[in-house]
Amino acid sequence: MENLIITAALTGSETRLEDTPYLPTTPEKIADEAFKAREAGAAVVHLHARDPSTGKATTDLKIFRKILVEIRKRCPDLIVNLSTGGTIGRGPEEQSKRDERIGIIPEFKPELASLNMGSMNYFLRTDAWTWECVFANTFADIEYFSKTFAQHGTKPECEIYDSGMINNAKILAEKGALRPPIHMQFVVGILGGISATPENLMHLHHYAAELLPDSSWSVCAPGRFELPMANLAILLGGHARVGLEDNIYVRKGVLAKSNSELVKIVARMAYDLGRDIATPDEARKILGLKGVESVTF
Ligand code: KMH
Ligand code: ZN
């Protein structure tokens, strides 16, 4: 099996400071978390931006730049995966700002960025709050995003929330909008998408192998299934994403004090199961990334 790529999703747009005081929301704190996650075994950080004065998600490119510069200072070799999902947690009007979401690609020309593969009801539920929107990603939008990714040499991490979206990726690959080998993030457990069960993850794994034979995948299971799904991904030859964007607990009722605590748990699982962890450069080779030299931050 390939070495395991661990992604740390450091802050996201949905988790609130009211939910956990450990959520990093300033550029310095986000970058410190990136450093610690790298030390713990993460090769990639998935990034949204937060307005440091409010702690709320933002697509402000100036704030993104500050975060990216701070990360680069602390860990120059880390792969930064930027979100084009935008501020999903802030409301439908914000989320639907298509040009704002894609603007991040020409600005920073990242090696890797998220590309959401379809539309869905997006319902979030924690003990403290619920929130809902229609997460709209039409084929026209996905194609438009894909072209922008290609222009800047950014590899799409195709976010797959249900099995039909693997077929969407295949159709887009056939049209030439996506270039194989395709890399996917299976997001399991959002209400509105596929639920986080071992059978469903196995199904996504097999379906992806059937439709897109040379593809790779990682799993992200928001909520309490984050760590069990990471464990299964290690066994199946997939990769794993953890972090406070998706899950704030190390176990029931015990808050993770840092993203790196979650990364450490996955690194330990991999060690116990005999699978090595990818360094950022190994992850670059596995994913076929252009390299850090041509990013503009
Ligand atoms: N918050 C995740 C469940 C993106 O950033 O493009 C979805 C996500 C999408 O990470
Ligand atoms: Zn995200």
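Reader: In which helix is the place of E70?

Author: The model is a predicted one. In it, E70 sits in helix α2, which covers residues 61-74.

Reader: Why does E70 count as buried?

Author: The term buried requires a relative accessible area under 20%. E70 has 14% relative accessibility, so it counts as buried.

Reader: What makes the pairing of the E70 and R74 side chains a polar contact?

Author: A polar contact calls for a pair of N or O atoms within 3.5 Å. The side chains of E70 and R74 make such a contact at 2.7 Å. Apart from neighbours within four places in sequence, E70 is also in contact with P27, E28 and A31.

Reader: Why is K36 called partly exposed?

Author: The class lies between buried, under 20%, and exposed, over 50%. K36, a residue of helix α1 (residues 27-40), has a relative accessible area of 37% and is therefore partly exposed.

Reader: Which residues does K36 touch, not counting those up to four places away in sequence?

Author: K36 touches S258 and S260. Contact here means heavy atoms within 4.5 Å. Along the chain, K36 and S258 are 222 residues apart, yet a separation of 8.4 Å is found between their C-alpha atoms.

Reader: What is the class of K109, and why?

Author: K109 has a relative accessible area of 26%, so it is partly exposed. This residue belongs to the loop between α5 and β6.

Reader: What makes the peptide bond from P180 to P181 cis?

Author: Its omega is near 0°, and the bond is described as cis. P181 lies in the loop between α7 and β10 (183-187).

Reader: How do you know that the span of α6 is close to the expected one?

Author: The expected span is 1.5 Å times one less than the number of residues. α6 has 13 residues, and from its first C-alpha to its last it reaches 18 Å, close to the 18 Å expected. Just after this helix, G153 takes a positive phi of about 70°.

Reader: Which residues of α6 are buried, and against what do they pack?

Author: The buried residues of α6 are D141, I142, E143, F145, S146, T148 and F149. They pack against α4 (98-102), α5 (104-108), β6, β9 and α7 (164-174).

Reader: Which element supplies the largest share of the lining of the second largest pocket?

Author: That share comes from α6, with 5 residues. The second largest pocket holds about 340 Å³ of space and is lined by 21 residues, with A150, T154, P156, L178 and R179 nearest its centre. By class, its lining has 10 nonpolar, 6 polar and 5 charged residues.

Reader: What lines the largest pocket, and how much space lies in it?

Author: About 1300 Å³ of space lies in the largest pocket. Its lining is made up of 49 residues, and R125, P222, G223, R224 and D246 are the closest to its centre. The elements β6 (112-116), β7 (120-125), α9 (226-236) and β13 (249-251) each supply at least two lining residues, and β7 gives the largest share, 4 residues. The lining comprises 22 nonpolar, 15 polar and 12 charged residues.

Key: Residues numbered from 1 in each chain as written. Chains lettered and ligands numbered in written order. Predicted model: local features only at pLDDT ≥ 70, side-chain atom pairs only at ≥ 80, totals over all residues. Heavy atoms only, no water. 1 Å grid on protein atoms, 1.4 Å probe; cavity = no way out; pocket = protein on both sides within 12 Å on 5 of 7 lines; lining within 4 Å. Points joined across faces, edges and corners; volume = space filled by probe spheres on them. Nonpolar A, V, L, I, M, F, W, Y, C, P; charged D, E, K, R; others polar. Buried < 20%, exposed > 50% of the residue type's maximum accessible area, 1.4 Å probe, protein only. Polar contact = N/O pair within 3.5 Å; in protein donor to acceptor, adjacent residues only side chain to side chain.
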